[in-house]
Amino acid sequence: MRFDLKIMRRKDAGSPSFFQTFAYEGIPEDSVAFALNELNGRDVLEDHEGRPADRIIWECSCLQKKCGACAMRINGLPRLACSSFLGELAGRKHIIVLEPLSKFPIVADLKVDRSILFANMKRMRLWLEENASMNQWEHENQYQSSRCLMCGCCLEVCPNFRPDGKFTGAASMVAASKLMDQAEYGGHRSEILRKYRQFYFGGCGKSLSCQKICPLNLPLEDLLVRSNAAAVWHR
């Protein structure tokens, strides 16, 4: 079965963008990541009109929905290429549109620089400095918050997040939720709570668009409620 992958191309951040379409022969169960690897594995890469093309720049690592590296916009929505399947995306015309995430600096083609995710964790001081402890009632919360891939899909759809803004987005909230439960009461935990109020609580509009788009279906509303209770209402 033929699928047409319409890919936004861009040599680097200073170059203009354009779309280039590639024909791919596969089955509906093939993932977008599998198709991209097949295209780049060809001896000579040509677009659907037979014109030579440069290799497609994109990121991947595990290809098993464990790392989040392959996040991109697929048919307008942020998704993981490794868990997005051609048959579910193509529609009647068998066309799939691939674009880079729009809220991160472009590197090339479908690859973006997501270092702001980790910079925001530093801004909120999200690390352990004191002894960690946990009781049986916190196991599920700890497990769910530790599953976050830091893929950036939540920030892509968040109406309140801007790369140059103060609000750090759901990814940092998830990490904060985990540390609020783990860290014993002390100076650093108090600092985490203060930074949470400063960089997250005031900026979140509670749209929960992050929960709707999360590739792992994390219970972000539950984590948000717990984090607000600890940092704002002191419960």
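Contact here means heavy atoms within 4.5 Å, and helices (H or I, at least four residues) and strands (E, at least two) are DSSP runs numbered from the N terminus. This is a predicted model, in which local features need pLDDT of at least 70, side-chain atom pairs count only at pLDDT 80 or more, and totals for chains, interfaces and linings use all residues. Residues are numbered from 1 along each chain as its sequence is written, and side-chain values use heavy atoms, leaving out hydrogens and water.

Let's start with the sheet. Its 5 strands form an open, mixed arrangement in the order β2-β1-β5-β3-β4, where strands pair if DSSP finds at least two bridges between them. At the edges sit β2 and β4, each pairing on one side only. On average, neighbouring strands are turned by 35 degrees against each other, direction ignored. β3 and β4 run antiparallel over 4 bridges, with Ala71 opposite Leu80 in β4.

Helix α1 lies across β1, β2, β3 and β5, at about 95 degrees to β2. Axes are lines fitted to C-alpha atoms, for helices over the stretch in contact, and angles run from 0 to 180 degrees between N-to-C directions.

Here are some of the elements:

| Element | Residues |
|---|---|
| β4 | 77–80 |
| β3 | 71–74 |
| α7 | 187–201 |
| α3 | 116–123 |

In α3 you'll find Asn120, buried with a relative accessible area of 3%. Asn120 touches Phe161 and Thr168, not counting residues up to four places away in sequence.

Terms used:
The expected span of a helix is 1.5 Å times one less than its number of residues. Buried means under 20% relative accessible area, exposed over 50%, partly exposed in between (1.4 Å probe, protein chains only).
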